[in-house]
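Reader: I've just opened this structure and I'm a bit lost. Could you walk me through reading a few features?

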Amino acid sequence: MTQEVTIASLGARGDGITDDGLYVPFTVPGDRAIVDPQGDRARLVQLLALGPERAEPLCPHFTQCGGCVVQHYADAAVADWKTGIITASLASRGISGVEIRPMITSPPASRRRVALSARRTKKTIQIGFHAPGSDRIVPISACAVARPELVACLPRLEELISIGASRKGEIRLALTLTEGGVDVAISGAKEMSGPERALLSGAANRAGIARLTWNGDVALTRSPPTVRLGRARATLPPGGFLQATAEGEAALVAAVREAVGDARRIVDLYAGVGTFTLPLAEQASVRAFEGSGPAVAALDTAWRGAEGLREVTSEKRDLAMRPLLARDFKDIEAVVIDPPRAGALRQTENLATSGVPRITAVSCNPATFARDARVLLDAGYTLDWIQPVDQFRWSAHTELAAQFTRLGS
């Protein structure tokens, strides 16, 4: 049975919420609507009145493709909402009074890496995103967040999908825009024999992509997929991590530079291919630790090929299983730590007793950031400021960089 509701707030996943706790996707505070309740969630049937901060979505696939969740919300309201998520995460750990700077939001059509799904049907090739809560693939003809070069590449990949996909399952595509062109990594596809791999190479050449990685193996490289990191250029390993937008990366690098100050001996934890290591090496010697061997190799090669950088040492190390000990930070003036979404509790506990004067934390999960920040605060550090960065525009994700300094250091 349908009912009339008014939306009071926005939840952490982007759903509108009524005062009595009913979640209604694709609504905003102030909306008045007819909905069809299904447990604690409801399907939007009809909008009766629009909230004051409702915006017109830019993408024809909005509500269908399962990607954006708040494209119908004004930019300033989205920034306030995401900042509120950070504030609430801090409060859950008893942290308050921290300077949270204005959100830095990447512009539309700036995402340089996307992950999609693909399937071969009897008559068509489908490449796109999953519909909300479904395994149905919504083919994409436009995207308000991705770089146009990535969207334009999708039709050219259909031949590859027709070769490598079965009708029973789907395959995954990771596309990254690099200086060399579009880097394509396909996983979950059929294994290819020698003659079939020749077909792949031909299809990849016709698609005009920089590199094709097939189930983890490089099948073709037409142009090295390089990215600029400060003065250096790094060649991404297959499936390698890269910040989602160039604008978001620039904002995070600027925040990290500010937070480390004039430190001359720096440790970079979870360094990847050198997003922070290589720019920081313009002013300081850096010891970089990363769990991926190919990423470590790419970082080292990039440093050796650059001019004017100070010494960088890079080491493969699983920091979740073997975190650095407090004594490993002797004489280190600043630490940068950029862990995965799960955070880095064990490593942070060791950092907390190290006495390092400055710690810069970069996080894609405010909840685990707040948990780890509590450890540093309890050990005598102060949390000086947080810089929120939104490079996953219109999604429920947000990132941040933060400066910690030790009292008396």
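Reader: Which residues in α4 are buried?

Author: Buried means under 20% relative accessible area, exposed over 50% and partly exposed in between, using a 1.4 Å probe and protein chains only. In α4, Leu200, Gly202, Ala203, Ala204 and Ala207 are buried. Bear in mind that this is a predicted model, where local features need pLDDT of at least 70, side-chain atom pairs count only at pLDDT 80 or more, and totals for chains, interfaces and linings use all residues. Residues are numbered from 1 along each chain as its sequence is written, and side-chain values use heavy atoms, with hydrogens and water left out.

Reader: What covers the buried residues of α4?

Author: Think contacts, meaning heavy atoms within 4.5 Å. The cover includes α3 (158-164), β13 (211-214) and β14 (217-221). These labels are DSSP runs numbered from the N terminus: helices are H or I with at least four residues, strands are E with at least two.

Reader: In what order do the strands of the open sheet come?

Author: Two strands pair if DSSP finds at least two bridges between them. This sheet has 7 strands, ordered β10-β9-β8-β11-β12-β13-β14, with mixed pairing. At the edges, β10 (137-139) and β14 each pair on one side only. On average, neighbouring strands are turned by 35° against each other, direction ignored. Inside the sheet, β8 (residues 113-120) and β9 (residues 125-130) run antiparallel, joined by 4 bridges, and Ser117 stands opposite Gly128 in β9.

Reader: At what angle do α1 and α9 pack?

Author: Helix α1 (residues 75-91) and helix α9 (residues 366-378) pack at about 35°, with axes 8 Å apart. The α1 side of the contact is Ile85, Ile86, Ser89 and Leu90, while α9 brings Pro366, Ala367, Phe369 and Ala370.

Reader: Last one: why does Asp36 count as buried?

Author: Because its relative accessibility is 18%. Asp36 is in strand β4 (residues 32-38).

How values were computed: Axes are lines fitted to C-alpha atoms, for helices over the stretch in contact, and angles run from 0 to 180 degrees between N-to-C directions.
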